[in-house]
Each structure stands twice: as structure tokens, then as C-alpha cells.
Amino acid sequence: MPTVIKGRGAASHLPGRFETTTTDAVDDGWQADDTEEFAAPRLRTDVRAETARSIISRNNSPDVGFEQSVNPYRGCEHGCSYCFARPTHAYLNLSPGLDFETRIFAKTNAAELLRRELARPGYVVKPIALGINTDAYQPIERRLGITRQLIEVMLETRHPFSLITKNALVERDIDLLAPLAAQRLVSVHFSVTSLDPHLSARLEPRASAPHARLRAMRRLHDAGIPVGVMVAPVIPWINDAELEAVLEAARDAGARSAGYVLLRLPHEVAPLFRDWLQAHHPQRAGHVMSTINQLRGGKDYDSQFGRRMRGEGVYAQLLSRRFALASKRLGFNASREQWPWLDCSRFVPPVPAKKASPQGELF
């Protein structure tokens, strides 16, 4: 059975798919999991400064509601066992497993680059999604404040953007988000996987507890900031029964928009999630993966547009119907007035960029 490492979602340094050499761990019979001497070590998070060359990423995917995104970090200390972004660490010759959540790269020149890119003569204003590949409010943001710097640029230039987070740290920036919201320049979604703090702690060990996310949602709503909820991911036989309860709790906390995403297991995420199931739900692991395979055409994952976020088959249809009925009953996504569009007409060119931050170790 995979070892559970306290405060971490992955159980191993699973090699990335581009590695030319790999190592296999072998049990020689000397392991004693129940003794302190052989207990899995606590892993320190290593954060390094990265001087990025560009900051706005663009996509033409019909499955997502944005064309531009900005990610202030690579890797994410939240450690969500199911995170679809884990395979991106393989491009750095690092493990999508433990390295993804313990070796974080902070784009310290992000605000400077954003000013530069927004100042280009041919720039076309479209809403920017902030913190999509990894959470913009992961724990290290409390110390580095890169996300706050980016929001300051958005406020300065009146550029529309949205963000999604699992961290109540977003409350810190209400002073910036509220004036942006007053001009229809921002919307905030909270990802809520479960209302059970024990399950949440196992699925996403360093994200804010569910009650903290709902509290932050309420505080943003009370400040006039449009808030929504994403039930993501929905995992068969793990948290799927909570769909309606999460939507109701979010509605009570001020959410006016809602969505859901079915569990996605691209590349290295599949074996990592299988290990998580064996560690935390061994009796249910086979049933969970069997259902996932049925949803994905017999595979762990199907990347086809139109299917990757929702799956296919009877279970997917039932889930879609449940979400539609609950959303209608709770009044989610009812009207454009209830969930405001982001205004692209207010944009003003930015002031010249500040000097870049050096690349190196932060701690």
C-alpha cells in the first residue's frame, strides 16, 4: 500500500514521462511503517524565483470559458491528489508527484511582464483568467504577493479578469477586488470539492478547509464582488453524493454562478490518483476506477473536446441532470444581470514596467 505523507497529496516522486532513466522502489522486508524510525519524512517546500519570458498564455479550447490566462506560479503546494496540472512539471524534468507540490517556481517578474504585454500596440483586450494551471493563492502567495501585484496591474489598467481558487487568502485582496467589481472588471469562483473537512484534507491537504472557503465566499459577496462555485472535480463514489449539498452551501454563502468538472486523469495523474485511492480508500479503489473507465471510453482519460470535462455514458448523463436540476432550484446561472459580464471597454494602456526581479532561490 502506498505510504501516506502527512500534508502531501502524492505518495512518491513518480518520474515524468520524458525521463530517460527511472528508478523502482523495492520492498526488502525491512520497512516498518508503524515505527517512528521508518515513518515517511516531512518534506520541506522549496520555492525558487523564476524570471519568466512571457506571462499571458492563450488557448482556443471550446471547453473553457476564457482565451487568455496568467499563472504566477509553477507547481502548487496545495497538493491536490487529482490536479490535472501535475504533468506540467515533467517538462522541467521534475516529478509530477511530490516535486509538483514541494518544488515551486515563483514568476517574480510577472507584474512587469503583464504591463509589458498589455502595453503592446496590437494587444486585443479579452478577459484574463488568473491562476488556472496552479492556484494563484497557494500558501506561498501570502509571503510573496505576486498575485496581488498582478491584480494591482489589472486595477491600474482597468483590465477585466476572473480567478478561481481553493484558498481563503483571496480575502486579503478585497480592497483591490471590490473597486474592480464596481466597474464589472472581476469575478471570483471558489473550487469546493467536498464539505467534509476530513475528506478535503486527504484530497487537497494544504488548501483551505471547506468552511473557510465558504466564509471567504460570503465576505467577497458582502463586499460586492461576484462569486461563484465550481464543484471540481466530481469523483465517482468519493464525493459525487455531495453535489447538491455543495451547491446549496455555496448559494447560502452568496454564490450566483455554478459549474462542475468530472475528474480528469491525464498522463501521470492517473497512477498518482490510483496510489491515493489505494492509500485512503482501498476497498473502493477498484469500483472508482471502473466507473472512471466507463466514463472515458474504457480508458483512464479521454482528452477529446466536449468529453474531457463531462465524460460520457449513463453516469455522466445522470450527473449532468442532477447538476441542472439543482442549479435551477437554487437559481444559479439564471440571468446575465445576476452574473455580470466582464467589461472590456474600460481598458487603458499601462505605465512602463518596473525592473525585473533576479532569478534564484527565495529561501
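## Contacts and overall make-up

Among the contacts in this protein that link residues at least 6 apart in sequence, 82% join residues at least 24 apart. The model is a predicted one, and within it the protein has 11 helices and 11 strands. Buried residues account for 53% of the 363 residues, while the exposed surface comes to about 17,000 Å², of which carbon and sulfur atoms supply 51%.

An open sheet is formed by 7 strands in the order 2-3-6-7-8-9-10, with mixed pairing. Its edges are strand 2 (56-58) and strand 10 (257-262), each of which pairs on one side only, and from one strand to the next the twist averages 25°.

Helix 4 (residues 146-157) packs on this sheet, where it touches strand 3 (68-70), strand 6 (128-130) and strand 7 (161-165), and its direction makes about 155° with that of strand 6. Helix 5 (residues 174-182) lies across strand 7 and strand 8, and runs at about 125° to strand 8.

## Strand 8 and its neighbours

Strand 7 and strand 8 pair in the parallel sense over 5 bridges, with leucine 163 standing opposite valine 188 of strand 8. Strand 8 (residues 186-191) also pairs with strand 9 (residues 227-234), again in the parallel sense, over 4 bridges; here serine 191 stands opposite methionine 230 of strand 9.

How much of strand 8 is buried? The count is 6 of the 6 residues, so the strand is largely enclosed by the rest of the structure.

## Strand 10 at the edge

Strand 10 pairs with strand 9 in the parallel sense over 5 bridges, and tyrosine 260 in strand 10 is the bridge partner of valine 231. Although strand 10 is an edge strand that pairs on one side only, 6 of its 6 residues are buried, so it is largely enclosed by the rest of the structure. Ser257, Gly259 and Val261 point one way from the strand, whereas Ala258, Tyr260 and Leu262 point the other way, and all are buried.

## Nonpolar cores

The largest nonpolar core has 69 residues, of which Leu114, Phe161, Leu177, Val229 and Leu247 touch the most other members. Helix 11 (residues 314-330) gives the most to this core, with 6 residues. Apart from it lies another core, of 21 residues, which includes Leu199, Leu203, Ile238 and Ile292.

Which residues does phenylalanine 161 touch, once those up to four places away in sequence are not counted? They are Ile128, Leu130, Ile151, Met154, Leu177, Leu180, Leu185, Val186, Ser187 and Leu342.

## Helix 9

Helix 9 (residues 269-280) has 12 residues, which at 1.5 Å a residue should span 16 Å; the end C-alpha atoms are 16 Å apart, in agreement with that expectation.

The buried residues of helix 9 are Val269, Ala270, Leu272, Phe273, Trp276, Leu277 and Ala279. An α-helix has 3.6 residues a turn, so residues three or four places apart point the same way. The buried residues of helix 9 pack against helix 6 (197-203) and helix 10 (285-295).

Notes:
Residues are numbered from 1 along each chain as its sequence is written. This is a predicted model: local features need pLDDT of at least 70, side-chain atom pairs count only at pLDDT 80 or more; totals for chains, interfaces and linings use all residues. Side-chain values use heavy atoms; hydrogens and water are left out. Helices (H or I, at least four residues) and strands (E, at least two) are DSSP runs, numbered from the N terminus. The expected span of a helix is 1.5 Å times one less than its number of residues. Buried means under 20% relative accessible area, exposed over 50%, partly exposed in between (1.4 Å probe, protein chains only). Contact means heavy atoms within 4.5 Å. Two strands pair if DSSP finds at least two bridges between them. Axes are lines fitted to C-alpha atoms, for helices over the stretch in contact, and angles run from 0 to 180 degrees between N-to-C directions. Accessible areas come from the Shrake-Rupley method with a 1.4 Å probe; for residues, only the protein chains shown count as cover. A nonpolar core is a set of buried Ala, Val, Leu, Ile, Met, Phe, Trp, Tyr and Cys residues joined through side-chain atoms within 4.5 Å.
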